[in-house]
Amino acid sequence: MKLDVRTKLLLLVLANLTFLLRTHSFILLMIGSVMTVFLFLMGSQKTAKHYAEALLFIVLTSFFWDKLPLFMVRPISIFIVVATYILPCCIAASILIKTTSAYELVHGLRKLHFPETVLLTFAVMLRFLPSIKEETRIIHQSLKVRSIFLHKRDILFHPKSYFEFLLVPLLMSLLRKSRDLTLSTLTKGLAIKNQSTNYYQSSFSWKDWGVQIWILVTIIMMLTFS
């Protein structure tokens, strides 16, 4: 199953509307379940399985609510309510992140007529953020080669030195990388004012229209029962 980027963005908007409209828990679980099916059909079976287990735990907890000890009712109820509201947003974000490349996302935002300056910043950020993990791993390896912070407990004993050794080379490296990414993005013509050519073409399929109709019906239900 493949959806257009704009449809995935609408799923994210739907998930965030649940906070504003104070949606009923039944509709929240329905939204989470349907989005989990979408995520599974898009190829992220492992992530969809984890979300399905979380939704199942919420449903089973509601059936055994009366059998819980009194001192556990309040903390568990708070956890269940927060999880019920957060899960749809997490699932929608997973659909967007795990099934969409950076170029497809920028292409979809361009079709929504986002300003090119915003797209330039966004494109650099998408390429920039994943490098933080890799740069941190390299710095840790360099520290171990120099016999600095060989064990994780050393970080607790010397947090100030750790952040100094980590942040200074990390910021210097990321500063150079951000400059290179900006130059490469400008070279590819992302910020030009004229109409640019695209090798990637997107359009709404019958699946996109079906999902968008479901989103519209769900919003009407949310407004009705809110």
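Here is a quick briefing on the fold, the core and a few residues of this chain. This is a predicted model, where local features need pLDDT of at least 70 and side-chain atom pairs count only at pLDDT 80 or more, while totals for chains, interfaces and linings use all residues. Residues are numbered from 1 along each chain as its sequence is written, and side-chain values use heavy atoms, with hydrogens and water left out.

**Overall fold**

- The chain has ten helices and zero strands, with helices (H or I, at least four residues) and strands (E, at least two) taken as DSSP runs numbered from the N terminus.
- Of its 226 residues, 36% count as buried; buried means under 20% relative accessible area, exposed over 50%, and partly exposed in between (1.4 Å probe, protein chains only).
- Take the contacts between residues at least 6 apart in sequence: 78% of them join residues at least 24 apart, a contact being heavy atoms within 4.5 Å.
- The accessible surface comes to about 14,800 Å², and carbon and sulfur atoms account for 69% of that (Shrake-Rupley method, 1.4 Å probe; for residues, only the protein chains shown count as cover).

**Transmembrane annotation**

- An unreviewed UniProt entry lists residues 9-42, 77-97, 117-134 and 209-225 under "transmembrane region"; positions follow the numbering used here, feature names are shortened, and annotations may be inferred rather than shown by experiment.
- Residues 209-225 are 100% helix and 0% strand, with end C-alpha atoms 24 Å apart.
- Residues 9-42 are 85% helix and 0% strand, and here the end C-alpha atoms are 15 Å apart.

**Helix 2**

- Helix 2 covers residues 25-41, so 17 residues, and reaches 24 Å from first C-alpha to last, close to the 24 Å expected at 1.5 Å a residue (the expected span is 1.5 Å times one less than the number of residues).
- Its buried residues include Ile-27, Ile-31, Met-35 and Phe-38.
- The buried residues of helix 2 pack against helix 1 (5-20), helix 3 (45-63), helix 4 (70-98) and helix 10 (206-225).

**The nonpolar core**

- The largest nonpolar core has 26 residues, and Leu-11, Leu-14, Ile-31, Met-35, Phe-38, Ile-95 and Trp-214 touch the most other members; such a core is a set of buried Ala, Val, Leu, Ile, Met, Phe, Trp, Tyr and Cys residues joined through side-chain atoms within 4.5 Å.
- Helix 1, helix 2, helix 3, helix 4 and helix 10 each give two or more residues to this core.
- Helix 4 supplies the largest share, seven residues.
- Setting aside residues up to four places away in sequence, Leu-14 touches Ile-31, Met-35, Trp-214, Ile-215, Thr-218, Ile-219 and Met-222.

**Met-222**

- Met-222 is in helix 10 and is buried, at 1% relative accessible area.
- Met-222 and Thr-18 are 204 residues apart in sequence, but 7.8 Å apart in space, C-alpha to C-alpha.
- Beyond its neighbours within four places in sequence, Met-222 is in contact with Leu-14, Leu-17, Thr-18, Leu-21, Thr-23, Ile-27 and Ile-31.

**Cysteines**

- The disulfide count is zero, where a disulfide is a pair of cysteine sulfur atoms within 2.5 Å.
- The closest cysteine sulfur to that of Cys-89 is in Cys-90, 6.8 Å away, so the two are too far apart for a bond.
- Cys-89 is buried at 13% relative accessibility, whereas Cys-90 is partly exposed at 32%.
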